[in-house]
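Grab a pencil and work through these exercises with the structure open beside you. Each task comes with its solution, taken step by step.

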Amino acid sequence: GSVGFHNAWISDFNAALGDLEPKTYNILAGRPGMGKTVAAVSSALGYAASGNPWIYLHAEMSAEQMDLRVVCDMAFALGYKISIDKLRKGELTEQEEILVARVKEMADLMPIEFVAIGRCDVSQVGALVRRAKAKWAAQGRKLAGCTVDYLQLLSAESIVGGNQSQERIIVNAISGYLRKLFDEEEIAGIVLSQLSRKVEDRANSVPTLADLRESGRLEEDA
């Protein structure tokens with residue numbers, strides 16, 4: 001068997017990363033509106049669908065907004081085409097409402113928890129991960145991984161105190177904390193990050209490692 005976690009939904013993740021291993025720190029980066037969250041949600045669901053307990057911590061969307069994304073993502077995986085726009089506006093047909101009910105039944109069986117954390121201190125991420133780990137341990141299972149969406153929306157006052165004015169210091173502190181957290185708790189981590197605007201100045205818009213915001217520390221930690 002593999003030492004890592006297989007993604008049941010996105011074969012490209014398996015092709016690029018292999019089975020995702022515990023104690024690893026993986027960066028998923030992109031410019032705003034390029035689909036970081038879409039990819040991250042689908043990947044987290046894919047690992048959970050393979051039987052790996054997962055926690056997804058999101059700072060940008062409300063719990064309700066994330067629920068809509070998850071319902072549509074899972075519906076698509078089941079072969080149902082449900083528009084997130086129709087779901088948001090409450091314009092589903094009777095048949096679509098039946099399909100959504102089926103999706104909810106499946107979602108309740110998936111070993112994954114989505115938690116809206118707002119723009120919290122990174123120490124709260126650690127507390128939530130340890131809580132989730134204890135919850136699964138009580139059921140005789142082991143937390144496999146955590147997705148953090150996304151790094152630049154977290155703060156680090158618990159680490160750097162009042163020195164919150166320099167982005168480099170904050171990003172370095174948050175990245176170092178998360179890398180240590182995933183290592184100590186023996187879980188796989190996927191952390192979303194912004195890319196700098198330099199990528200938009202290129203004709204092909206293909207990003208490089210140098211485009212990571214505060215790329216030196218993020219690249220080194222990952």
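**Exercise 1.** In which loop does Glu186 lie?

*Solution.* Before you start: this is a predicted model, where local features need pLDDT of at least 70, side-chain atom pairs count only at pLDDT 80 or more, and totals for chains, interfaces and linings use all residues. Residues are numbered from 1 along each chain as its sequence is written, and side-chain values use heavy atoms, leaving out hydrogens and water.

Step 1: find α8 (167–185) and β5 (188–194); Glu186 sits in the loop between them. Helices (H or I, at least four residues) and strands (E, at least two) are DSSP runs, numbered from the N terminus.

Step 2: check the backbone. Glu186 isn't a glycine, yet its phi is positive, about 60°.

Step 3: Glu186 is partly exposed, at 36% relative accessibility. Buried means under 20% relative accessible area, exposed over 50%, and partly exposed in between (1.4 Å probe, protein chains only).

**Exercise 2.** Describe the phi and the place of Lys23.

*Solution.* Step 1: Lys23 is no glycine either, but has a positive phi of about 65°. Most residues other than glycine have a negative phi.

Step 1: Lys23 belongs to the loop between α1 (11–17) and β1 (25–30).

Step 2: with a relative accessible area of 43%, Lys23 is partly exposed.

**Exercise 3.** Work out which kind of peptide bond runs from Asp149 to Tyr150, cis or trans.

*Solution.* Step 1: omega is near 0° here, and the bond is cis. Most peptide bonds are trans.
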